[in-house]
Amino acid sequence: MADAVFPTQATAQTRYISLFGTRTRFVVMVLILLCLTSIWSNILAFNFAVICMDDDDSEMSTSLNGTRKTHFTSTQNSLAMSIVAIAALLGNFPIVQLVGMVGIRTVFAGLGILSAVSTLLIPLSIRMGFYYFLAIRFLQGFAFAANFPVIGSFCAKWSYFKQNGLFVSSLVAYVQLSPAITMPASGALCSAFKWPSIFYAHGAVSLLLFVTYALFYRNSPQKHPFVGNVELKKISIGKIATIDKRALKKVPYGAILKTPAIWAVWVAAIGNFTCVNMMFLFSPVYLSKVLGFPVHSTGITAALPPFLQFMSKLICGAVSDRLTCLPEGIKFRIFNSLAFLGSASFLCLLAFMGDSHKDYNMIVLGCAAAMLGATTGGFFKAGPVLSKQYSHFVTGNISLGITITMLIVPFVVNALTPHNTQEEWKWVFLITGAVMCITNIFFVIFVRGEPCEWTSDSFHRASSVADLERNSVRNPTISTVSRHVEDVPEKL
């Protein structure tokens, strides 16, 4: 009776653990997926809001030329997208460092709330002036820099080694889940209300998600009250237990940057996100301006390609985990080639199609997006496998792929498609396909299937001894400690 009113710590912990059983990691994974989706959705909401603004005749300027207050030129659209990439690039390295030092609970929660508040302020900033709007977009981009470091850190600490592909594929699928949700939701909000409602709804949902995340998440499963011993044992299999926190914070940057397999992952990210940004940043424009879909249905049709890619990512991630008959390196090459070459082939087909049968164009575009989902068994999975406990740095820098291409793709697409005709878009599709083929060749040549040497116990023991020997030159009393470290048995 006393336990019911004033439960002991052991009783309370038992109740917590029984709530999700041995599946707490999946609950945390879904929560993080929704938070990642929210940050990307906050950025993508602008791409649909622009169409909603152009279709809104109620807000006209009082100036003599009679132009709309909320209308953006092609150059301004490009700047609005590129400023996000610039901010993410500037924020990438300091955020990766912060994640390594204090974990993702504080960093991700703070940046997520920053993204939510920035999104809520966008309608006001647009009315105040374009440069105020760019400042708010900069804050959105800075918050976005946390996404891939969060994925790397979470998978390194929370994933069970047999489910690594599932975890990675589920979390990186936020790139596709965001437009799949944002486009139809924005279309409905635009039809029912006006364009500001798009930003208010996204900001409010984002704020709710990150407050929940801040309260529920823990930086390691050992600290989470809902995680029991059975689940902890599963998660700990295959992880290094002898490296202390100070060693983990000391990332071997030099060794990582000298590893061709890591560069293969990063180069593949460039190819992947060239296609992703082309598709998801500009699909509303292509569907509305080129194929002639009406605004009220553009949101639903634009959601089809990312939804297909989202489902493909989940399926391919699970398949790559269960395909145990092949070495990891071979699986990385097969899945990445299937994704890049398959998507490039459909884009080349789309390039030479006319615009008279828009439904066929939609099917081909959807197939190109779906094929790209196989990357979860390719470079996306290779990053955490190769880097293990340093996945927050290696996977975190995959974000450079999305930000660099987000910076370049808008200017290239807008330069190639001044009139938004199918003939102009042909070159967009062909160039994107060529980039994907070239980057896949680099990946296939240099990727490997086993963790890199700098993730091993022996590497860190040798590094620790080397540090002690260097210090002993400055302080001779440390030399004795150095000899003792060298004599530590291998089993430790």
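**The cavity and the helix pairs**

Mentor: The largest cavity has a volume of about 40 Å³. A cavity is a set of points on a 1 Å grid over the protein atoms alone, where a 1.4 Å probe fits but cannot get out. The volume is the space filled by probe spheres set on the points, which are joined across faces, edges and corners.

Trainee: What should I know about the model and the numbering?
Mentor: This is a predicted model, where local features need pLDDT of at least 70 and side-chain atom pairs count only at pLDDT 80 or more, while totals for chains, interfaces and linings use all residues. Residues are numbered from 1 along each chain as its sequence is written, and side-chain values use heavy atoms, with hydrogens and water left out.

Trainee: Which residues line the largest cavity?

Mentor: M278, M279, F282, S283, Y286, L365, W425 and F429 do (lining residues have an atom within 4 Å of a point). Helices here are DSSP runs of H or I, at least four residues, numbered from the N terminus.

Trainee: Where does the largest share of the lining come from?
Mentor: From α14, with 5 residues.

Trainee: New topic. How do α16 and α17 cross?
Mentor: The axes of α16 (residues 328–351) and α17 (residues 358–372) come within 7 Å and cross at roughly 165 degrees. Axes are lines fitted to C-alpha atoms over the stretch in contact, and angles run from 0 to 180 degrees between N-to-C directions. So α16 is roughly antiparallel to α17, a term for angles over 145 degrees.

Trainee: Which residues make the contact?
Mentor: On α16, they include F340, F346 and L350. On α17, V364, L365 and M371 are among them. Contact means heavy atoms within 4.5 Å.

Trainee: And α4 with α20?
Mentor: The axes of α4 (residues 74–102) and α20 (residues 399–416) come within 8 Å and cross at roughly 165 degrees. Therefore α4 and α20 are roughly antiparallel to each other.

Trainee: Which residues of α4 and α20 meet?
Mentor: Among them are L79, I86 and N92 in α4, and L400, F411 and N414 in α20.

Trainee: Last one. What is the phi of N420?
Mentor: N420 has a positive phi of about 55 degrees, although N420 is not a glycine. N420 sits in the loop between α20 and α21.

Notes: On a 1 Å grid over the protein atoms alone, a cavity is a set of points where a 1.4 Å probe fits but cannot get out, and a pocket is an open set with protein on both sides within 12 Å along at least five of seven lines; lining residues have an atom within 4 Å of a point. Helices (H or I, at least four residues) and strands (E, at least two) are DSSP runs, numbered from the N terminus. Angles under 35 degrees count as roughly parallel, over 145 as roughly antiparallel, 65 to 115 as roughly perpendicular and the rest as oblique.
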